[in-house]
Amino acid sequence: MRPERQRILLASVPPVFFLFIFYALQMMEWGLECDFTSWGVYPMKWKGIMGILTHPLVHAGFKHLLANTLPFLFLSWCLFYFYRDWGWAALGFVWVAGGLFTFFIGKPGWHIGASGLIYGLAFFLFFSGILRKHPPLVAISLLVAFLYGSIVWDMLPYFARSHVSWEGHLSGALAGTLAAALFASKGPQRRDPFEDEEDEEEDGESGGPTPDALPGNPGNPPGEPERTP
């Protein structure tokens with residue numbers, strides 16, 4: 001298998017794994033007629049502390065889950081493809097920090113779903129590429145802004161829909177932005193053009209060809225002995 005194809009497939013494993021868990025839990029709720037809403041975050045209540053870790057796993061129905069599926073799949077794939085060495089650390093930080101922020105700023109009620117995580121990934125990918133100024137990552141930043149720029153309205157209380165947890169969205173966005181700043185020194189970085197010039201100069205001084213070996217040099221033709229007067 002080609003390395004690039006292998007890298008694409010490996011980056012797909014974590015998103016597919018999480019989506020399998022999301023759908024398995026939703027199928028259990030539907031088939032067994034049980035309710036996992038208490039796995040969510042309930043702000044400033046002891047009963048809502050566990051939800052800091054479990055709130056992205058459960059959803060308010062298949063419609064809610066389907067709305068989150070493609071954004072989560074694409075954004076998490078980008079995370080593990082471009083930041084494969086420490087993608088798990090970034091995802092874990094956004095997951096837990098987003099839950100913590102929701103616990104402290106959320107309105108009373110159960111906050112569930114992976115939408116906060118989606119906001120965290122979107123903001124992380126956007127600001128991470130901008131901070132690094134690495135061309136491929138900047139391109140991903142622009143793509144994320146183009147595809148998901150409109151999501152900012154659902155993290156503002158005056159514009160968010162009444163049934164939407166704008167606090168969870170805002171918490172995810174804050175967590176993703178903070179993660180981009182904290183992990184800015186890790187992963188791919190923009191190469192300094194001055195370093196490239198220095199490397200070329202060193203190669204020319206140490207290992208470059210001698211003048212007589214350059215094509216078109218008027219010295220002795222190849223294969224002929226040196227001529228003396």
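Helices here are DSSP runs of H or I with at least four residues, numbered from the N terminus. Residue numbers start from 1 along each chain as its sequence is written. The model is predicted, so local features need pLDDT of at least 70 and side-chain atom pairs count only at pLDDT 80 or more, while totals for chains, interfaces and linings use all residues.

**Exercise 1. Find which side chain meets Glu 167 in a salt bridge, and which parts the pair ties together.**

Step 1: Start with the rule: a salt bridge needs a side-chain nitrogen of Lys or Arg within 4 Å of a carboxyl oxygen of Asp or Glu.

Step 2: The partner is Lys 107, at 3.1 Å from N to O.

Step 3: Glu 167 belongs to helix 7 and Lys 107 to the loop between helix 4 and helix 5, so the pair ties together parts 60 residues apart in sequence.

Step 4: Compare the two ends: Glu 167, at 2% relative accessibility, is buried, whereas Lys 107, at 34%, is partly exposed.

Step 5: Searching the whole structure gives one salt bridge.

**Exercise 2. Describe the lining of the largest pocket.**

Step 1: Learn the term: on a 1 Å grid over the protein atoms alone, a pocket is an open set of points where a 1.4 Å probe fits, with protein on both sides within 12 Å along at least five of seven lines, and lining residues have an atom within 4 Å of a point.

Step 2: Count the lining: 36 residues, with His 64, Asn 68, Ser 115, Val 164 and His 169 nearest the centre of the pocket.

Step 3: Sort these residues by type, which gives 14 nonpolar, 18 polar and four charged.

Step 4: Trace the helices: helix 3 (62–82), helix 4 (87–105), helix 5 (115–132) and helix 7 (166–182) each supply at least two lining residues.

Terms used: Heavy atoms only, no water. Nonpolar A, V, L, I, M, F, W, Y, C, P; charged D, E, K, R; others polar. Buried < 20%, exposed > 50% of the residue type's maximum accessible area, 1.4 Å probe, protein only.
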